[in-house]
Amino acid sequence: MTFEIFTFSFMHRAIISGIAIAILCSVVGLFLVLRRYSLFGDAIAHSSFGGIALGLMAGIYPLWTAYGVSIISALIMTRIKDRFNISGDASIAVLLSSGIAVGLVIIGLSGGFTLDIFSFLFGSILLVSVNDTILILSLTGIILIVILLLYRQLLYSTFNEEQAKVSGVSVEKINYLIVFMAGITVVTSIQLVGVLLISALFVIPNVTAIMYGKGFKQTVIISMSFSIFSVVAGILVSYIFDITPAGTIVLFAIGIFACTMGIKSAGLLSRHN
Amino acid sequence: MLKVVEIDHLTIEYPDVKAIDDVSFTVNQGDFLGIIGPNGAGKSTLFASMLNLNTKYKGTIKFFGTDIRKSKNYLKEIGYVPQKPIFEKNFPATVNDVVKMGLQKESDENKIDEILQQLWIHELSERRIGELSGGQQQRVFIAKALVNNPKVLILDEPVTGIDQQSIDLFYSILKELNSKQNITIIWSSHDLDAVNKLANHVACLNRTLFFHGESDDFFENDELVKQYSEASMQEHMHHH
């Protein structure tokens with residue numbers, strides 16, 4: 001059975017999509033973590049729950065409505081945060097709870113929880129279709145190209161907004177771009193780990209990698225490696241032992257984080273860590 | 001003489017106080033201007049407007065003859081070193097990464113090595129920014145400010161919280177940039193002795209412009225220095 005799983009085409013799709021999502025979450029998540037916006041992914045995911053419920057009720061493919069609702073609500077929330085000077089954590093709390101509230105009301109109106117809703121809440125990577133895989137790979141490619149093209153501006157405005165502004169970086173536009181990319185990344189990742197565990201992929205591999213990497217690029221590569229390992233190991237182990245993939249993936253990421261803390265406590269990581 | 005900065009009747013008002021009140025002065029190419037003034041005198045507020053970080057002001061600010069409200073291109077010619085650069089302590093960026101952020105054209109990467117050597121931080125290029133001392137970090141931020149060959153360097157009390165040895169090195173670097181590379185320097189400081197030694201022009205700011213002119217005219221006029229010191233002392237007492 002152990003080797004047999006590599007012959008299934010659903011497993012190929014799951015692993016390919018999973019690796020793409022792992023890469024995407026690491027890169028976009030690192031910008032969020034360094035901006036002290038770790039839970040923003042969680043907030044977008046919860047607002048996408050409202051979008052999923054809307055799609056299911058209206059008979060539209062739920063991920064499309066999730067993309068629309070979560071990106072629009074994240075951009076509006078960012079605008080409100082800037083305009084009315086609300087703190088980052090408070091704006092996250094507003095976005096998070098309003099998404100769930102809208103979702104629950106719509107679900108209530110349309111007859112209660114269904115199996116579909118649960119697959120979005122907890123992920124269903126083994127069920128991704130060929131079309132889903134193509135969509136995931138395309139969005140990953142587009143976002144990575146945008147990040148490569150705007151690398152300096154993204155890094156600089158994350159490092160110090162004021163200095164970036166003085167150097168002529170359009171910081172406000174870059175901030176909205178990051179929110180937009182986070183919205184796409186979150187909804188794309190829902191199929192892998194579900195609404196409830198998305199922030200784990202944004203945050204855990206990155207906080208672990210920050211303890212190892214010296215420079216930014218090195219940190220991104222380390223984070224991607226941890227994330228890819230967690231996703232692939234999580235998918236395979238969960239299939240072999242017939243347990244939930246989302247939970248297993250996140251537990252692998254937490255395992256690497258815990259080992260890193262152990263190594264650090266034993267004084268085996270260099271001074272900067 | 002080419003006029004680099006022309007500030008004309010600049011007034012910046014907050015709801016309860018005028019932070020800058022009708023200030024006008026000019027900075028010429030090659031000037032080394034020391035802006036002195038007590039805490040709360042409006043030095044950082046003045047810089048924020050000059051750097052287009054604050055656009056709510058009355059009056060005009062021109063760089064190289066152009067009103068900064070009309071074009072932001074002047075920012076490419078400016079290197080800015082803040083009072084204390086704020087960044088996440090664990091930010092995974094090396095010295096090289098930080099200096100590169102200031103670089104506007106990728107093709108100029110050789111310039112990074114050159115500047116790191118000039119500022120004696122070449123050996124630190126692969127170290128993380130957060131693990132350096134305050135003085136070393138300040139030199140990294142000067143390197144970042146210099147990497148685009150700016151015509152003007154603006155420094156906001158750049159030696160706050162730095163050891164004396166690093167301060168001395170820092171001052172000798174500024175002197176060299178001004179005298180050998182003809183970079184115009186606009187520098188705010190609390191340190192009257194340092195301003196006396198380095199700057200060739202002085203602007204004395206305490207919301208209004210108290211004095212602006214040649215450095216010698218200020219420091220050789222005991223009455224002016226006394227007035228300034230008394231004003232500073234009053235402000236100091238007021239703050240405590």
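Student: In what order do the 4 strands of the open antiparallel sheet in chain B stand?

Tutor: The model is a predicted one. In this sheet of chain B the pairing is antiparallel and the sheet is open. The order of its strands is β2-β1-β4-β5.

Student: Which strands of that sheet stand at the edges?

Tutor: A strand at the edge has a single partner, so one side of that strand is left without a neighbour in the sheet. In chain B this holds for two strands, β2 (18-28) and β5 (66-67).

Student: Which residue of β5(B) stands opposite B:Phe63?

Tutor: Strand β4 (residues 58-63) of chain B pairs with β5(B) over 2 bridges in the antiparallel sense. Within this pair, B:Lys62 stands opposite B:Asp67. The residue opposite B:Phe63 is B:Thr66.

Student: Which residue in the turn between β4(B) and β5(B) has a positive phi?

Tutor: These two strands form a hairpin with 2 residues between them. A phi of about 50° is found in the turn, at B:Phe64.

Student: How many bridges join β1 to β4 in chain B?

Tutor: Strand β1 (residues 3-13) of chain B runs antiparallel to β4(B). One pair of facing residues is B:Val5 and B:Phe63. The number of bridges joining the two strands is 5.

Student: In what order do the 6 strands of the mixed sheet in chain B stand?

Tutor: This sheet is open, and its pairing is mixed. The order is β6-β7-β8-β3-β9-β10. Its edges are β6 (78-81) and β10 (208-214), each with a single partner strand, so one side of each lacks a neighbour in the sheet. From one strand to the next, the twist averages 15°.

Student: Which helix of chain B packs on this sheet, touching β6 and β7?

Tutor: The two strands touched, β6(B) and β7 (residues 152-156) of chain B, run parallel and are joined by 4 bridges. In this pair B:Val81 stands opposite B:Leu155. The direction of the helix makes about 165° with that of β6(B), and the helix is α4 (residues 134-146).

Student: What is the bridge partner of B:Cys204 in β10(B)?

Tutor: β9(B) and β10(B) pair in the antiparallel sense over 6 bridges. They form a hairpin with 1 residue between them, and B:Arg207 in the turn has a positive phi of about 65°. The bridge partner of B:Cys204 is B:Phe211.

Student: Which residue of β9(B) stands opposite B:Leu33?

Tutor: Strand β3 (residues 32-36) of chain B runs parallel to β9(B), and 4 bridges join the two. The residue opposite B:Leu33 is B:His201.

Student: How far does α6(A) reach from its first C-alpha to its last?

Tutor: The helix comprises residues 130-149 of chain A, 20 residues in number. At 1.5 Å a residue the expected span is 28 Å, and the span in the model is close to this, at 29 Å.

Student: Is A:Ile198 buried or exposed?

Tutor: A:Ile198 has its place in helix α10 (residues 198-210) of chain A. Its contacts beyond four places in sequence include A:Gly41, A:Ala45 and A:Val186. A residue counts as buried if 20 or more other C-beta atoms lie within 10 Å. A:Ile198 has 29 such atoms and is therefore buried.

Student: Which element gives the most residues to the largest nonpolar core?

Tutor: This core has 149 residues, and those touching the most other members are A:Ala182, A:Ile198, B:Ala143 and B:Ile154. With 14 residues, the element that gives the most is α1(A).

Conventions. Residues are numbered from 1 along each chain as its sequence is written. Chains are lettered from A and ligands numbered from 1 in the order in which they are written. This is a predicted model: local features need pLDDT of at least 70, side-chain atom pairs count only at pLDDT 80 or more; totals for chains, interfaces and linings use all residues. Two strands pair if DSSP finds at least two bridges between them. Axes are lines fitted to C-alpha atoms, for helices over the stretch in contact, and angles run from 0 to 180 degrees between N-to-C directions. Two residues are in contact if their C-beta atoms, placed from the backbone, lie within 7 Å. The expected span of a helix is 1.5 Å times one less than its number of residues. A nonpolar core is a set of buried Ala, Val, Leu, Ile, Met, Phe, Trp, Tyr and Cys residues joined through C-beta atoms within 7 Å. A residue is buried if 20 or more other C-beta atoms lie within 10 Å of its own, exposed if 12 or fewer, and partly exposed in between; C-beta atoms are placed from the backbone.
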